[in-house]
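Please look through the structure below.

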Amino acid sequence: MSISYMDYTSPNVQFTYDLKNNLFFKKDNQNYINVLSINQLNTLGNNSLLDIFLSNGGTVEPHYHQNASELVYCIAGSAVVSLINPFTNQLLHFPITPGQVANVPQGWWHYEIATRDNTHLLAVFDAPIPEVIFGSDILRLTPANVLADTYCLNEDEVKETLAPITSTIIVGPPKDCKPSGSSNNQKRSNQTTQFQKMPSSTQQGAHQSMPQWTQPIQAYGVPTAPQPVASTFPSPYQTMSQQMQSYSISIRPEWTAMASSYPAYGGPQAGQQSQQAAPLPSPAYPGLPMPPFPR
């Protein structure tokens, strides 16, 4: 837990919360997500979580968290957590059943697919409000001509293929999904069967290098009031700093006095020449490796 500057004697201090009061997304009664962040529980510290319910085949769409790692714990049912290791360019699949977990490092592209009805997952993050960028937003907000030119595709076909993606999906497939052919459903069924029969916890597959995305930030923190049943999700332009401003805590008086007495890293005396602290080391995950380009 990070250092807390909260006054735990304040009447506003919170120690308990009911996640049913904070719906993040709902597709139907079998596919929905509740969220808990520091906006709902101000003593939470540097943690947050998603309470995820999925039917068989329900998919938490491909996405990544640029500010948090994710630990996925299976409570009921079963699911496959899939991720791309950016250092080996491998697509990995991790089936989990009740009592098992799969870990997704910060910034890694991943998704979850339920392989049974009534699957219940708990996703725990090491950030007070985890930020997220969804694949559906990348696809619908990137101009079709950019995708076509970059990957040598037919622009009209790209537009036609991506036209149904008009909003953030979050849990797919959408309720009004009408695939162009029966092969899609058959492929999905085969994939689920393959996952359930996997003898080991890891399956590796070849994958090409993934470009670095620079899309708007979307945060999981949402207002504390109960959300409507209709499918809702936070604005993709809502930043973590904006979310953090939506809750208030009481600061201990002694912290204010202490902060004012330390004008620099060097010590409490304003006239003393301070020794600037060495910069913090780079994060353990520096970003996606740049693959060599063929000449």
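Asp 18 has a relative accessible area of 33%, so this residue is partly exposed; buried means under 20% relative accessible area, exposed over 50%, and partly exposed in between (1.4 Å probe, protein chains only). The model is predicted: local features need pLDDT of at least 70, side-chain atom pairs count only at pLDDT 80 or more, and totals for chains, interfaces and linings use all residues. Residues are numbered from 1 along each chain as its sequence is written, and side-chain values use heavy atoms, with hydrogens and water left out.

The side chain of Asp 18 forms a salt bridge with that of Lys 20, at 3.2 Å from N to O. A salt bridge here is a side-chain nitrogen of Lys or Arg within 4 Å of a carboxyl oxygen of Asp or Glu. Lys 20 is exposed, because its relative accessibility is 65%.

By this rule there are three salt bridges. Another joins the side chains of Asp 137 and Arg 140 at 2.8 Å, N to O. Both residues belong to helix α1 (residues 135-141), three residues apart, about one turn of the helix; helices (H or I, at least four residues) and strands (E, at least two) are DSSP runs, numbered from the N terminus. Asp 137 is buried at 6%, whereas Arg 140 is partly exposed at 29%.

Asn 34 sits in strand β2 (residues 31-36) and is buried, because its relative accessibility is 5%.
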